[in-house]
Amino acid sequence: MIESRIPLFCLAALVAGGAQAAFESARWIGVEGRHFHWYYRKDVHPAPIFRKSFTCPPGVRDAVLAVSAAGYREVRLNGLPVADELLMPTPSNFDRRTYYSEHQVAGLLRAGTNVVEATLGNSIYNCSAQGVWMQDTITWRDAPQLLLEITADGRTLAATDETWETYADGPVRADSIRNGETYDARKEVLAGAWKPAKRTHGPGGVLTREAHPPVRIFGRVPMRRLAGGAWDAGENLAGFAEIRVRGEAGAAVTLRYREEIDAEGRLLTGSKFVESGEFQTDRYVLRGGDEEIWHPRFVYHGFRYVGVETAGECEVLSVAACKVGTDVEEVGDFTSSSEALNDIHRRMRRSLRANLVGFPTDCPTREKQGWTGDALYGCEAMLYNYRAESVYVDWLRTLVDVQRPNGQLPAKSPISANGYNWGYGPAWDSALALIPETIYDFTGDDAPFREFYPAIVKYLGFAETMLRGDLAVGFGLGDWLSPCATAPDALVSTAYLVATYRATARFARRFGKDADAARFAARAGEISDAFRRAWCREGGHVAKDEPASLAVAAGFGLAPDPKATAALLAAEMRRRGHRAAFGMIGSKWVPRVLADHGHVDDAMAIFEQREKPGWEWQRLRGATTIWEDFEGKGSHNHVILGDPSAWAFRYLGGIEFRDGKAIRHEPLRPSGEFRFSCRCRDAGVTAW
């Protein structure tokens, strides 16, 4: 294996050393008697609360609270939250890595006695819901645990150990990231006995400080009640409902979250992906008396509609939808005279935010999984619109954590357990190389590629063992979720393997690894030649001239005559009435190849045609986010079909990023009266 300048084991040591300094005196603690065992795997317990009283001297200037949790955590100091955030720390593969954060708390401390309190949620660390992803039997599963330390002016004021107290019967009666949260406000008065905390072994992974922004509520949308009884946010989103209620003690409100309703306004059913417990359901039990306001603290859902049911004497005064996501900065936006293109862009921005709750996911509803393909195909649009590069880097670290010794990558992370035997392959695995390459092009920062270089080289060694005659046959998914016959899987996988080799050669040269660069460039050439022999024919034809086959061959520079191939693609799309005759891979490369070779009107026609399948057809059926597939059969909040947002910046705005610089091209102008305006990062404004 070729080592980078900073080998991964050195990076791990640096990270561990920093964490040790942050938690010099702290030890992991939990609740006595709570642990995971196969016999108890269905047990659900109230969220544990931990507290510690400590003394603070007067005149403190610099005070830091460092905290990690196996699970989610919410920390208060003298009754006040230490930070405006939730659903933290970011879930990880807890066997390998556990995230922590640090907070300046001098302003919350007072001379004399202070009290720090932490409540823990289950997160993916202790998922009791059974389902296709087997999270209830994941290797790291255990009851939530806490690690916390407060230091002030170089002195430790409080650190988790057996002297802390714990309360195991609090108001959060149950929380499951796959099911929902139940909260009993009558339990807010902690009337039972506090007991000593238990020293625990901890989750086991390397403690790593989170580099990306935290998760926050970044918007609230008033919901309106429909005739069928459901409440409507007006858009699909990730988050939860915040309710205002009044009623008697013990009355309850049940909230069921869904993406769709039927013609009578009734919620559609749940998800086959969750096989135990309720799906996306929260409950609130009233304390009684004055008006009460509540939203869950340790779960989030994907939804547009909420079904609200009451039991007992109570009245729901209002419902608001809270938008939740990683607090990334907006850096770009555009508008045009094409309402169809504007709508795809708006929907993609909603989907990007909804699928960035700690780490990039496929959907916020049934899965909440970090699929590599979804992260890769949404990455460029994300970076045109938001400053999210640190989120991708932290997530890629969790992917490298679960790389097998032979170099194989799973199709998803951090829930990797069943991602090695299906769903992986070059078109997905290339996220490890192509996302750092994209980050470098947008920002000029090559540190991510340098960090992951050894893992990429290791992966290429594994990929070589899977080839047949220099082709990736039977190795990975292809043009996933196409509504019709599409490019051969092997064609797509081989093209992405070439792209991975090319990217690795590019950075090997940059890092001064000339021998590596020559070797990887040579392999890229050899595999490219095999691609051409297998699928390319005279006249620009590729495979059976499926749109995705033509686009991938031309887009990756594999077609011998890319102009002729693009002309065939344009003709084929016209023959099909510009319907979306491709899946997730084609949704990116078909419009790009058309624009690259003078067929921008054909690309626009694909976005604007109103028949099924296509983007505009989705909008006309009420889509407010990007759907998983063109026919609306799957999730209604994905990012994989959202590349037209990046396409518009690149081709209509003429803004491309390369080597950390914005390269301005002459914007492409569709026929007829067309207006376009965009801004992006440091590229200024394009308007015409």
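**Figure 1. Helix α15 and the residue that follows it in the predicted model.** Gly654 follows helix α15 and has a positive phi, near 70°. The model shown here and in the other views is predicted. Helix α15 spans residues 644–652, and nine of its nine residues are buried, so the helix is largely enclosed by the rest of the structure. The buried residues of α15 are Pro644, Ser645, Ala646, Trp647, Ala648, Phe649, Arg650, Tyr651 and Leu652. Helix α15 is also one of the elements that give two or more residues to the lining of the largest pocket.

**Figure 2. The largest pocket, with a volume of about 870 Å³.** The lining of this pocket consists of 30 residues, and those closest to the pocket centre are Glu380, Glu437, Trp589, Arg592 and Arg658. Two or more lining residues come from each of α3, α6 (431–443), α8 (489–510), α10 (547–555), α12 (584–596), α15 and β27 (655–658). Classified by residue type, the lining of the largest pocket contains 15 nonpolar, four polar and 11 charged residues.

**Figure 3. The second largest pocket, with a volume of about 700 Å³.** A total of 28 residues line this pocket, and Glu74, Arg76, Pro81, His295 and Arg297 lie nearest its centre. The elements that contribute two or more residues to the lining of the second largest pocket are β4 (72–77), β7 (112–121), β16 (215–222) and β21 (292–294). Among the elements, β4 gives the most to this lining, with four residues. The lining of the second largest pocket comprises 16 nonpolar, three polar and nine charged residues.

**Figure 4. The largest cavity, with a volume of about 110 Å³.** Of the 14 residues that line this cavity, Ile124, Ile177, Tyr300, Phe359 and Lys368 are the closest to its centre. The lining of the largest cavity is made up of nine nonpolar, two polar and three charged residues. In total, the structure holds four cavities of 30 Å³ or more. Rolling a probe the size of a water molecule over the atoms shows where empty space is left.

**Figure 5. The second largest cavity, with a volume of about 60 Å³.** The residues that line this cavity are Leu352, Asn355, Leu356, Pro360, Thr361, Asp374, Ala375, Gly378, Met382, Tyr392 and Val639. Helix α3 (residues 372–385) supplies the largest share of the lining of the second largest cavity, namely four residues. Helix α3 is likewise among the elements that give two or more residues to the lining of the largest pocket. By class, the lining of the second largest cavity divides into seven nonpolar, three polar and one charged residue.

**Figure 6. The crossing of helices α7 and α9.** Two packed helices are described by the angle between their axes and the distance between the axes. The axes of α7 (residues 447–465) and α9 (residues 514–535) cross at roughly 40° and come within 13 Å. The crossing of α7 and α9 is left-handed. On the α7 side, the contact involves Tyr453, Val457, Leu460 and Glu464, which meet Asp516, Phe520, Arg523 and Ile527 of α9. This contact of α7 with α9 has five nonpolar, no polar and three charged residues. An α-helix has 3.6 residues a turn, so residues three or four places apart point the same way.

Terms used
Residues numbered from 1 in each chain as written. Predicted model: local features only at pLDDT ≥ 70, side-chain atom pairs only at ≥ 80, totals over all residues. Heavy atoms only, no water. Axes fitted to C-alpha atoms, helices over the stretch in contact; angles between N-to-C directions. Left-handed = near helix turned anticlockwise from the far one by under 90°. Contact = heavy atoms within 4.5 Å. Nonpolar A, V, L, I, M, F, W, Y, C, P; charged D, E, K, R; others polar. 1 Å grid on protein atoms, 1.4 Å probe; cavity = no way out; pocket = protein on both sides within 12 Å on 5 of 7 lines; lining within 4 Å. Points joined across faces, edges and corners; volume = space filled by probe spheres on them. Buried < 20%, exposed > 50% of the residue type's maximum accessible area, 1.4 Å probe, protein only.
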